[in-house]
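Please keep the sequence and the model in view while reading the points below.

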Amino acid sequence: MKNKPTIGIALGSGSARGMSHIGVIKALEEMGIYPKIIAGCSVGSLVGASYATSKLDKLEDWALSMTESKIRQFLSLNFNASGFINAQNLQKLFEHAIGIESLAFKELDKSFAAVATDLSSGKEVWLQEGSVHDALWSSMAFPGLFPSVMKDKKWLVDGGLVNPVPVSLCRAMGADHVIAVNLNADIINSYEVIEEGDDESPEEHNETLDDDSNFWDKTKEGFQRALNLVSSDGSTVKEPKGVDVISNSIHIMSSHLTSSRLVGDPPDVLLQPRLKDVGLLQLYKAKDCIEEGYQSVMRMKEEIAFRLGL
């Protein structure tokens, strides 16, 4: 009897959009598809590690518990080379909530690997051994947000700079069929130029600044002073949020890079959830992201079954 082909899943980068990976995996399992090999990049590695330890439900509960107020607790006004996210606190909260502290790759329930970037050489680094903790935070070391990680005498940063959707890693790990999830397909053209005065009313604005407002205002004002934009006719326009400028610049680059890499190494199935309204740190939109990930599979249900020979 012929052995069933091994299915792998490549979970792409995309910051808060990454919670849609949860919906993708849940929908695939409803179809009877259980990937045995998982390759993750950036937030995709975080979801992938949770799946590989059979703790996806815990990750979902954690994500759904996130609010704007909780996310603000991780922001820091110390804008230095280590980034403006309090990475240590976020790591502790996440790893305690999910229960993956001190895990080694050999202890995982499924084959898993993460992608990072060597900051010195710019080369892709595949992380498959040793500490899962180190691999996750190396793959997620988003420039300007999280600090880079020293591993094997190399400074490692976000894998999205070199391989945003790691299909090649999935195949190298032994996958016969690869399902790829690209979270940044619709990031381009997701921002509009808004004239000053077109924003929400003062009453609406005040409603969003009830708690921790002084801290949040100072953070936004600091970015806005550095990012004032002027249109070609000299009139002022509403500036994009500073955090989104950083993230979208990288995601736009990643989007083009992903397109190029997928042409050279196409997956058997490519899923592209519609997530253009989800910003870098908007984890409080996890419910919508998870649902859209689920629906991205449902929209292609018949095609997925055909391509995987089900």
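**Core and confidence**

The largest nonpolar core has 54 residues, and within it I9, M19, F112 and I179 touch the most other members. Helix α2 (residues 43-52) supplies the largest share of this core, six residues. Apart from it lies another core of 15 residues, including V115, V162, A175 and L262. The model is predicted, and the mean pLDDT of the protein chain is 79.

**Confidence along the chain**

- A pLDDT of 70 or more is reached by 69% of the residues of the protein chain.
- Over residues 191-212 the pLDDT is below 50, and the model gives this stretch 24 contacts beyond near neighbours in sequence.
- Residues 222-234 also have a pLDDT below 50, with 16 contacts in the model beyond near neighbours in sequence.
- Where pLDDT is low, the predicted coordinates should not be read in detail.

**Around I9 and V181**

- Not counting residues up to four places away in sequence, I9 touches V24, I25, L28, P35, I37, I38, A39, C170, I179 and V181.
- V181 belongs to strand β7 (residues 177-181).
- V181 has a relative accessible area of 0% and is therefore buried.
- Its neighbours within four places in sequence set aside, V181 is in contact with I9, A10, L11, G12, H21, V24, V165, L271 and P273.
- V181 and A10 are 171 residues apart along the chain, yet their C-alpha atoms are separated by 6.2 Å.
- In soluble globular proteins, nonpolar side chains tend to be buried together.

**Covered helices**

- Helix α2 is mostly covered, with ten of its ten residues buried.
- The buried residues of α2 are V43, G44, S45, L46, V47, G48, A49, S50, Y51 and A52.
- After α2 comes S54, which has a positive phi near 60 degrees.
- Helix α6 (residues 132-139) is largely enclosed by the rest of the structure, because six of its eight residues are buried.
- In α6, the buried residues are V132, A135, L136, W137, S138 and S139.
- The N-terminal end of α6 is capped by S131, with a side-chain oxygen 3.2 Å from the backbone nitrogen of H133.

- S168 is part of helix α7 (residues 167-172).
- With a relative accessibility of 18%, S168 counts as buried, because the limit for that class is under 20%.
- Leaving aside neighbours within four places in sequence, S168 is in contact with E124, W126, N163, R261 and D265.
- T258 is found in helix α10 (residues 242-264).
- The relative accessible area of T258 is 3%, so T258 is buried.
- Beyond its neighbours within four places in sequence, T258 is in contact with P164, V165 and N182.

**Aromatic rings**

- A search of the whole structure finds one aromatic pair.
- This pair is formed by F105 and F112, which are stacked at 5.8 Å centre to centre with 10 degrees between the planes.
- F105 counts as buried at 9% relative accessibility, and F112 counts as buried at 4%.
- F112 is also one of the residues that touch the most other members of the largest nonpolar core.

**Cysteines**

- Zero disulfides are found in a search of the whole structure.
- C170 is buried, with a relative accessible area of 0%, and C170 is among the residues that I9 touches.
- C289 is likewise buried, with a relative accessible area of 0%.

- Most residues other than glycine have a negative phi, and most peptide bonds are trans.
- D152 is not a glycine, yet its phi is positive, at about 55 degrees.
- D152 sits in the loop between β5 (149-151) and β6 (154-158), and K153 lies in the loop between β5 and β6.
- K153, which is not a glycine, has a positive phi of about 65 degrees.
- With a relative accessibility of 64%, D152 counts as exposed.
- K153 counts as exposed at 83% relative accessibility.

Methods
Residues are numbered from 1 along each chain as its sequence is written. This is a predicted model: local features need pLDDT of at least 70, side-chain atom pairs count only at pLDDT 80 or more; totals for chains, interfaces and linings use all residues. Side-chain values use heavy atoms; hydrogens and water are left out. A nonpolar core is a set of buried Ala, Val, Leu, Ile, Met, Phe, Trp, Tyr and Cys residues joined through side-chain atoms within 4.5 Å. Buried means under 20% relative accessible area, exposed over 50%, partly exposed in between (1.4 Å probe, protein chains only). Helices (H or I, at least four residues) and strands (E, at least two) are DSSP runs, numbered from the N terminus. Contact means heavy atoms within 4.5 Å. A polar contact is a pair of N or O atoms within 3.5 Å; within protein, one must be able to donate a hydrogen and the other to accept it, and residues adjacent in sequence count only if both atoms are side-chain atoms. A disulfide is a pair of cysteine sulfur atoms within 2.5 Å. Rings of Phe, Tyr and Trp (its six-membered ring) pair if their centres lie within 6.5 Å; planes under 30 degrees apart count as stacked, over 60 as edge-to-face and the rest as tilted. pLDDT is the predictor's confidence in each residue, from 0 to 100.
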